[in-house]
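Please open the model in your viewer and keep the selection tool at hand. The tour below goes from one stop to the next and says what is there.

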2 protein chains.
Amino acid sequence: MSFKIFVDLAMPPDALEMLQQGTKGHQLMFPQKPISSVLAEPGHDPQFAEADMAFGQPDPAAIARAGHLKWIHVSSSGITRYDNPQFRALMAGRKIAVTNSAGVYQEACAEHVFSFMLAQARNLPASLKSRAVNGSKEWHTLRGSNRTLRGQTVLILGFGDIGKRLVEMLRPFDMNVIAYRRKARGDEGVPVVTPDQLPHTLASVADHIINILPDNLESRHFFNAARFARLKPGAIFYNIGRGTTVDQDALRDALHAGRLKAAWLDVTEPEPLPEHHPLLAEPNCFITPHLAGGHLDEAKTLVGHFLKNFERFVNGQPLIDRVM
Amino acid sequence: MSFKIFVDLAMPPDALEMLQQGTKGHQLMFPQKPISSVLAEPGHDPQFAEADMAFGQPDPAAIARAGHLKWIHVSSSGITRYDNPQFRALMAGRKIAVTNSAGVYQEACAEHVFSFMLAQARNLPASLKSRAVNGSKEWHTLRGSNRTLRGQTVLILGFGDIGKRLVEMLRPFDMNVIAYRRKARGDEGVPVVTPDQLPHTLASVADHIINILPDNLESRHFFNAARFARLKPGAIFYNIGRGTTVDQDALRDALHAGRLKAAWLDVTEPEPLPEHHPLLAEPNCFITPHLAGGHLDEAKTLVGHFLKNFERFVNGQPLIDRVM
């Protein structure tokens, strides 16, 4: 059987070649205007109505009208534009499978947040700028500002593939790792904190607060003024999930008041922050422009991940990274 | 039996208090001019002739004249000023034990070089400066510049406590770790490369060259023009040992020619580098001013380490971190 695959993902020639090879005998359909970012708004495309499957960031409104669709493979780890009860009900009702590309970004995202943790522990932003003389006051201050990770406590919010990989990476550091979940499922491998325990955990336990929450209706401004109000002294906040999960005014206040020692963000709202945004003026706020998932030959990893799932689809096997 | 302990290490009041408590019943002797850096030249002090033991960075010439000395506990991991055949022969002949503080710096040093590796892998110096727009050319370039550590090869030169700890830290990353040693001892736990194999390893195998060589007569300019001449494309050089082990002109040439992708140095020669030193002009040379061993309450860790050994000395037990 031959499938029609709608692909609205811009990709370099080598990745395209790989996709064409891997889907021989099937029909690839490309939109007039390919998108180049997971945050861009997808356009409407008449061909889409014919598609059996979609790979990329297809428009939810177009999906609702596409009568042949059996499977959507989202080219990101976040599935914001699909993650709402209406869409989930639509997919369930029409028996459309939705998978994401979590497996593609797991390693890079975990390394990214870990690089933040170590850069903060070793105070790299200040140290790389300094030419302090050995034995000087500045030098002693810098040396004393370093903290080994050993024995500190890490709280991970949004405990999926990335969080699990991070737990593996942190294992040699003898840290206490805790996961936040609405309900413990029992497969976490680390102690779980539930919503009723969260205020205490933030106020007295967590040295490192790692936010990997996805963007959905429930997570919007999850980190609000109330949650930033009481924090363990010296706590550090990291966000590699989505910018919308943080009330940035409250974050800025927590930094400015010294309740947070530092914030390391790969995501903000909007991206990038406008030039005069108050967070940019905070000396202990460090921002990378949504790069956590990036890695060499990313498009090829994405296509490879899709093709693995495509083969499973063709053979009637269960799909990996299925989210609906 | 009461010992006279010469301490030429400047320390904050809490660490001094700890030292006094831990050596009650014994006599502490302090020099007129305490030193504040392991690289400072120690002064002569007449009291030293009476000392049974020394803690800090005592002057080798004074040691030669001190008739009562039984044990020297060096307050650093490096033992440059003592590490020569004459001094070793003197210690052996007079049965003076020499221990260092390697155990104090192991964790911080391993974390420091690991923070370098991850900062490079995630391209933090460029990424933290960028406000690239999602989907822009700059953004794609930055995303593509990231490399996950997985599967890459690390060569560690100077395979002691720090190297062993680093091997533990790298274990979750599925990297290939190799140690360089003049002779394999069999206790490395990783494959060992010997001098005859080093040129091939540098030219074709090592993605990450981690230099933790101590400073001694044999290691001076170990990394010379010949060794920097052929490197695996994309190789990265790290130095947290001693600056003297690197020919900095050759390092600069390797960076400038692109044979090295980047260099991350915690040590240089001299420290700090003078203002117009060519290495400071290399965009891919990142330098911290000898901070790798630094951590919170470092002086207390140092004193605690000394006291552990002091108790062993008093009880006639074998000393830890013994180097002569």
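Begin in chain B by selecting B:His208, which sits in strand 9 (residues 208–211); strands here (E, at least two residues) and helices (H or I, at least four) are DSSP runs numbered from the N terminus. This is a predicted model, in which local features need pLDDT of at least 70, side-chain atom pairs count only at pLDDT 80 or more, and totals for chains, interfaces and linings use all residues. Residues are numbered from 1 along each chain as its sequence is written, chains are lettered from A and ligands numbered from 1 in the order in which they are written, and side-chain values use heavy atoms, with hydrogens and water left out.

B:His208 is buried, with a relative accessible area of 2%, where buried means under 20% (1.4 Å probe, protein chains only). Show its contacts (heavy atoms within 4.5 Å): among the residues that B:His208 touches are B:Met117, B:Leu149, B:Met175 and B:Tyr238.

Next, select B:His290, in the loop between strand 12 and helix 11 (298–314) of chain B; its phi is near 55°, a positive value in a residue other than glycine, and B:His290 counts as buried at 8% relative accessibility. Most residues other than glycine have a negative phi, and most peptide bonds are trans.

Then move to the bond between B:Glu269 and B:Pro270, a cis peptide bond with omega of about 0°; B:Pro270 lies in the loop between strand 11 (262–265) and strand 12 (285–287) of chain B.

Note on methods
Buried means under 20% relative accessible area, exposed over 50%, partly exposed in between (1.4 Å probe, protein chains only). Lists of a residue's contacts leave out its neighbours within four places in sequence.
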